[in-house]
Amino acid sequence: MAAKETILVVEDEEKIAEVLKSYLEREGFSVATAKDGEEALRLYATLSPVLVLLDLMLPKRSGEEVCREIRARGNTPVIMLTAKTEENSILGGLAIGADDYVTKPFSPRQVVARVHAVLRRAGTAQTEPLRFDGGFLTIDTTARTVMRDGTLVTLTPSEYSILVALATNPKRTFTRDELIHLALKDDFEGYDRVIDTHMKNLRQKIEPDAKQPRYLLTVHGVGYRFGGGAT
Ligand code: CA
């Protein structure tokens, strides 16, 4: 068996850190914990973790600062742990390069699921392009390009982020809120409508028939999910 992959949990609330550690260890990860931002960066440098779970409100260095430092050093996925009231911080964190976030209070199981999803997504960044319907739709996350029926499609960064999030998590329904955080970073205006507009534009760009979407499906009352199997 390969050496265990290390996850760094940065959290000053000991109870939360302990719970996450035990759940992640049960999943086969090796887990290191840091109680403040300085310790986090020290451990990050020595352990080369595959992923960092990062609390925002930390002693010594803030979660944002830690995230920015990690981003300056490489592509290690970062999932932020935030209180729901810290919405501005969530958006700020995503803007400085966090890959995902979980709001407190969370269930440890939910965090574990996110960890797997983010690692899967990070993994696809170095591998083959995603192909759907025999290559009708092709998403190359390394080159950051999308082809529809052999033709390069020009997407805005927001449209691209939404499409990749949906296509790499085909069973998951994303709420509009989640898509907002993924797509809009620090743009706060016109939430739900903005996502619907992005979807409309995306459908026109990538669907065989935008009026009868096959990839970007509406889940009524909730949000959107990806349809269509990879080939
Ligand atoms: Ca904290």
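1. Axes are lines fitted to C-alpha atoms, for helices over the stretch in contact, and angles run from 0 to 180 degrees between N-to-C directions. On that basis, α2 and helix α3 (residues 63-73) pack at an angle of about 20°, their axes lying 10 Å apart. Helices (H or I, at least four residues) and strands (E, at least two) are DSSP runs, numbered from the N terminus.

2. The model is a predicted one: local features need pLDDT of at least 70, side-chain atom pairs count only at pLDDT 80 or more, and totals for chains, interfaces and linings use all residues. Residues are numbered from 1 along each chain as its sequence is written, and side-chain values use heavy atoms, with hydrogens and water left out.

3. Angles under 35 degrees count as roughly parallel, over 145 as roughly antiparallel, 65 to 115 as roughly perpendicular and the rest as oblique; α2 and α3 are therefore roughly parallel to each other. In this pair, Gly37, Ala40, Leu41, Tyr44 and Ala45 of α2 meet Val66, Glu69, Ile70 and Arg73 of α3, where contact means heavy atoms within 4.5 Å.

4. An open sheet is formed by 5 strands in the order β2-β1-β3-β4-β5, with parallel pairing; two strands pair if DSSP finds at least two bridges between them. The edge strands, each pairing on one side only, are β2 (30-34) and β5 (100-104). From one strand to the next, the twist averages 20°.

5. Within the sheet, strand β1 (residues 6-10) pairs with β2 in the parallel sense over 5 bridges, and Val10 stands opposite Ala34 in β2. Helix α1 (residues 14-26) packs on the sheet and touches β1, β2, β3 (51-55), β4 (78-83) and β5; its direction makes about 165° with that of β2. Helix α2 (residues 37-47) also packs on the sheet, touching β1, β2 and β3, and its direction makes about 150° with that of β2.

6. A nonpolar core is a set of buried Ala, Val, Leu, Ile, Met, Phe, Trp, Tyr and Cys residues joined through side-chain atoms within 4.5 Å, buried being under 20% relative accessible area (1.4 Å probe, protein chains only). The largest such core has 27 residues, and those with the most contacts inside it are Val146, Leu163, Leu216 and Phe226. Its largest share, 7 residues, comes from α6.

7. Apart from neighbours within four places in sequence, Leu163 is in contact with Ile139, Val146, Leu155, Leu202, Ile206, Leu216 and Phe226. A second, separate core of 19 residues includes Val9, Leu51, Phe106 and Val111.

Terms used. Buried means under 20% relative accessible area, exposed over 50%, partly exposed in between (1.4 Å probe, protein chains only).
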